[in-house]
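I set down here, in order, what I looked up in this structure.

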Amino acid sequence: MHSVTVELGAASTMELVNALSAIATELATRDAPESAAACLELTETLAAASDMQESALAGFIGRVDATGEQQRWGYPSTQAWLRSRLGMRDNRAKERLTLARQRHRLPHVAAALASGDLSFGYATTVADSVARLDDTDCAEAETTLLGFIDQGFSAGKVAAFGRRIRDLIAERDDTEDAPDEDTKRGYDKSWLTTTRSLDGGRYVKGWLNPEDAAIFDGTLAPLAKPAGPDDRRDLSERTAAALSSVLSGGHKATKVTVICDLDTLTGGSAPARLTDGTPIPAPQARRIALAAGVSPLLLGRGNTPLYLGHRERFASAAQRQVLETLYPTCAVRECETPGTLCEVDHVNGWALGHSPTDINQLALTCGWHNRFKHSRPDQIQITKDRDGRYVYRLLPPPDARPATGPPGGNGPPDGALDWAA
């Protein structure tokens with residue numbers, strides 16, 4: 001048992017966090033009391049304390065997000081940092097990031113959360129409800145939603161009120177969406193609806209079955225990549241630009257990879273799959289393979305792709321197809337960017353002469369981590385997994401590591417190529 005003594009008023013934020021961590025460690029090792037009534041009371045008290053911790057956490061996350069500190073550690077976004085470094089599920093990461101970004105616009109919510117008078121669930125519900133409102137509507141919505149909370153409505157009901165507020169504002173501003181008809185449709189057939197807005201634009205909504213989704217991804221994903229390091233558009237904006245390019249006739253090629261056995265294409269029943277792992281029934285795979293611009297990737301024994309690499313500066317289209325089957329996402333272990341949106345990376349650096357353009361010397365990395373790897377090679381650790389795929393792992397910045405060296409102090413693990421690629 002550890003002893004913790006802290007003078008609250010005089011302690012630094014770091015000392016308070018360390019003390020809280022020590023208390024949490026001790027508490028986690030203890031068995032729950034035998035009394036169920038005591039457990040109920042302890043649960044409510046501990047949950048309230050956890051909610052107040054969320055207030056402090058929102059402040060910390062907000063400062064990291066505002067300064068971009070996560071990028072120095074190898075994470076392209078705050079949400080990626082929360083998912084990968086802290087192991088949060090995507091929904092929880094979004095909740096915390098939304099609260100961190102909205103709390104300065106929600107003074108009453110922030111104060112109530114910090115004082116223990118409002119739960120984290122209610123606070124994130126209000127923050128999500130106002131995230132797309134301007135400051136004037138935000139202030140009015142905060143007051144209205146807090147009123148519903150005071151009346152005892154559940155967080156789910158408050159969320160529904162928040163959606164209704166957004167609908168009313170959209171109706172006031174003539175920007176309402178088309179009626180929701182999703183539940184009236186099945187999932188076998190693709191469908192698409194569009195609604196024209198008053199300024200001449202269109203709202204687009206729909207569903208694509210796996211067959212059409214494969215063609216959609218194969219056509220737009222290569223065109224939706226960032227145009228360069230200065231491209232500040234998010235993925236949604238780049239996808240819209242890619243669709244516009246295709247519709248205007250500026251792009252004709254469609255690239256969809258269906259991974260299957262030759263037996264499947266010739267009438268067998270073995271299922272195929274797309275590069276992201278989506279299973280495709282054999283009959284549907286044959287239909288996709290007959291579509292214009294779709295190229296099947298045949299596999300040999302042991303699922304070995306039937307392509308070989310070439311010593312050229314740029315990877316060939318065939319090599320890229322192989323890499324997209326090997327890397328469903330960026331080679332950086334913590335990154336979730338789909339492989340179809342990634343760049344081909346020479347693992348040991350083609351310009352240095354250490355990595356020819358051979359298939360066993362290439363990997364896929366997103367554009368952000370590709371640039372990060374070459375600008376900060378000492379923060380990427382490269383290993384190979386049992387299937388021969390390269391795995392890139394992020395290391396802390398040099399000034400944030402222990403004096404003894406990389407984590408563990410024993411150098412790279414077995415199989416690592418190097419610390420400074």
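**Entry 1. Conventions and overall make-up.**
I take helices (H or I, at least four residues) and strands (E, at least two) as DSSP runs, numbered from the N terminus. Leu99, for instance, lies in helix α5, residues 90-102. I note that this is a predicted model, in which local features need pLDDT of at least 70 and side-chain atom pairs count only at pLDDT 80 or more, while totals for chains, interfaces and linings use all residues. Residues are numbered from 1 along each chain as its sequence is written, and side-chain values use heavy atoms, with hydrogens and water left out.

I counted 15 helices and 10 strands in the protein chain. I use buried for under 20% relative accessible area, exposed for over 50%, and partly exposed for what lies in between (1.4 Å probe, protein chains only). By that criterion, 33% of the 421 residues of the protein chain count as buried. Contact means heavy atoms within 4.5 Å. Of the contacts in the protein chain with a separation of 6 or more, 54% are between residues 24 or more positions apart.

I returned to Leu99, which is buried at a relative accessible area of 3%. Not counting residues up to four places away in sequence, Leu99 touches Ala58, Leu113, Phe120, Ala123, Thr124 and Ala127. From Leu99 to Ala110 I read 11 residues in sequence and 9.1 Å in space, C-alpha to C-alpha.

Grid points are joined across faces, edges and corners, and a volume is the space filled by probe spheres set on the points.

How many cavities of 30 Å³ or more does the structure hold? I found 1. The largest cavity has a volume of about 40 Å³. Its lining consists of Ser55, Leu99, Arg103, Leu106, Val109, Ala110 and Leu113. Helix α6 (residues 107-115) supplies the largest share of that lining, 3 residues.

**Entry 2. The largest pocket and α11.**
I then turned to the largest pocket, with a volume of about 1,100 Å³. It is lined by 31 residues, and those closest to its centre are Pro76, Ser77, Pro226, Arg238 and Trp368. The elements giving two or more residues to this lining are α4 (78-84), α11 and α15 (367-375). Of these, α15 gives the most, with 5 residues.

Helix α11 (residues 235-247) has 13 residues and spans 18 Å from its first C-alpha to its last. This is close to the 18 Å expected at 1.5 Å a residue, where the expected span is 1.5 Å times one less than the number of residues. At its N-terminal end, α11 is capped by Asp234, with a side-chain oxygen 3.2 Å from the backbone nitrogen of Ser236.

**Entry 3. Two buried arginines.**
I count as a polar contact a pair of N or O atoms within 3.5 Å; within protein, one must be able to donate a hydrogen and the other to accept it, and residues adjacent in sequence count only if both atoms are side-chain atoms.

Arg83 lies in helix α4. Arg83 counts as buried because its relative accessible area is 17%. Its side chain makes a polar contact with the side chain of Glu336 at 3.2 Å.

Arg320 is placed in helix α14 (residues 317-326) and is buried, at 14%. The side chain of Arg320 reaches the backbone oxygen of Gly339 at 3.4 Å. Leaving aside neighbours within four places in sequence, the contacts of Arg320 include Lys225, Thr340, Cys342 and Leu364.

**Entry 4. Cysteines.**
How many disulfides (pairs of cysteine sulfur atoms within 2.5 Å) does the structure hold? I found 0. Cys330 is in no disulfide, and its nearest cysteine sulfur, that of Cys335, is 4.0 Å away. Cys330 is buried, with a relative accessible area of 4%. Cys342 is likewise in no disulfide, the nearest cysteine sulfur being that of Cys330 at 4.8 Å. Cys342 is buried too, with a relative accessible area of 0%.

Methods
A disulfide is a pair of cysteine sulfur atoms within 2.5 Å. On a 1 Å grid over the protein atoms alone, a cavity is a set of points where a 1.4 Å probe fits but cannot get out, and a pocket is an open set with protein on both sides within 12 Å along at least five of seven lines; lining residues have an atom within 4 Å of a point.
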